[in-house]
Amino acid sequence: MLKTALHFSHQLLTECINPGNIVIDATMGNGHDTLFLSELVGYTGHVYAFDIQDKAIESTKKKITAQAIQNTTLIKDGHEHAVNHLPENTKIKAAIFNLGYLPRGDKHITTTSDTTLTAINQLLSILEESGRLILVLYSGHKEGMTEKSDVLTFAQTLPQDMYSVLTYQFINQQNNPPSVLCIEKKRA
């Protein structure tokens with residue numbers, strides 16, 4: 001059976017992340033990806049998770065506290081500022097973005113093309129070889145449609161000798177189901 005966008009994004013992360021890696025949850029949301037990433041990197045790795053909403057940070061903090069997770073730093077800031085919060089010379093193995101709005105949150109607070117493209121550019125500059133940026137694109141709302149279009153247009157311009165870019169999307173479903181964009185940095 002074909003995987004949902006969310007399950008496929010997790011498969012892509014599982015394939016490239018190893019214990020000890022440093023990774024980013026660029027859109028913390030309710031903390032599900034943050035927990036998933038913390039399991040993949042293990043005790044010797046680290047997860048930096050970002051969100052601009054207090055509700056997202058509180059929800060994620062409850063989850064990581066309940067499971068006594070120590071390898072995660074929660075940061076109240078937009079993903080476009082992620083590199084400013086990392087130790088100097090940090091390289092990341094992966095990052096995941098779940099674009100759109102916080103589930104069960106204020107649908108007027110969404111990610112935007114400008115901040116997402118800034119974050120992608122910055123994170124590509126610190127991405128390890130064979131590392132991946134995974135974006136789950138939700139286009140079921142106006143800003144999401146614009147953001148998806150802008151992100152895909154940008155991704156098509158990435159040089160093929162440096163990056164492999166993949167999209168995964170169901171094309172016969174109603175209500176604009178989410179799609180996945182994966183940018184993998186090639187080995188030099």
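Ser130 counts as buried because its relative accessibility is 18%, where buried means under 20% relative accessible area, exposed over 50% and partly exposed in between, with a 1.4 Å probe and protein chains only. This residue lies in strand S5, which spans residues 127–137. Helices (H or I, at least four residues) and strands (E, at least two) are DSSP runs, numbered from the N terminus. The phi angle of Ser130 is near 70°, a positive value in a residue other than glycine.

The model is predicted, so local features need pLDDT of at least 70 and side-chain atom pairs count only at pLDDT 80 or more, while totals for chains, interfaces and linings use all residues. Residues are numbered from 1 along each chain as its sequence is written, and side-chain values use heavy atoms, with hydrogens and water left out.

A positive phi also occurs at Ala68, a residue other than glycine, with a value near 55°. Ala68 is found in the loop between helix H3 (54–66) and strand S3 (72–76). Its relative accessible area is 53%, and Ala68 is therefore exposed.

The account now turns to helix H1, which comprises residues 5–16 and includes Ala5. With a relative accessible area of 6%, Ala5 is buried. What does Ala5 contact, leaving aside its neighbours within four places in sequence? The partners of Ala5 are Val136, Tyr168, Pro178, Ser179 and Val180, contact meaning heavy atoms within 4.5 Å. Val136 is 131 residues away from Ala5 along the chain, yet the C-alpha atoms of the two are separated by 6.9 Å.

Leu6 is likewise found in helix H1. At 36% relative accessibility, Leu6 counts as partly exposed. In sequence, Leu6 and Cys182 are 176 residues apart, and their C-alpha atoms are 12 Å apart in space.

A pair of aromatic rings is described by the distance of the centres and the angle of the planes. Rings of Phe, Tyr and Trp (its six-membered ring) pair if their centres lie within 6.5 Å; planes under 30 degrees apart count as stacked, over 60 as edge-to-face and the rest as tilted. A search of the whole structure finds two aromatic pairs. Phe8 and Tyr168 form a stacked pair, with 4.0 Å centre to centre and 25° between the planes. Because Phe8 lies in helix H1 and Tyr168 in strand S6 (residues 163–168), the pair ties together parts that are 160 residues apart in sequence. Tyr168 also pairs with Phe170 in an edge-to-face arrangement, at 5.8 Å centre to centre and 75° between the planes. Phe8 and Tyr168 are both buried, and Phe170 is buried as well. Together, Phe8, Tyr168 and Phe170 form one aromatic cluster.

How many disulfides does the structure hold? There are zero, a disulfide being a pair of cysteine sulfur atoms within 2.5 Å.

Two packed helices are described by the angle between their axes and the distance between the axes. Axes are lines fitted to C-alpha atoms, for helices over the stretch in contact, and angles run from 0 to 180 degrees between N-to-C directions. H1 packs against helix H2 (residues 32–41) at an angle of about 25°, with the axes 11 Å apart. H1 and H2 are therefore roughly parallel to each other; angles under 35 degrees count as roughly parallel, over 145 as roughly antiparallel, 65 to 115 as roughly perpendicular and the rest as oblique. H1 passes H2 in a right-handed crossing. A crossing is left-handed if the near helix is turned anticlockwise from the far one by less than a right angle, and right-handed if clockwise. Leu6, His10, Leu13 and Thr14 of H1 make the contact with Asp33, Phe36, Leu37 and Leu40 of H2.

Helix H4 (residues 113–125) and helix H5 (residues 142–156) have axes that come within 9 Å and cross at roughly 30°. The crossing of H4 past H5 is right-handed. Residues of H4 in this contact include Leu117, Ile120 and Leu124, and those of H5 include Val151 and Phe154.
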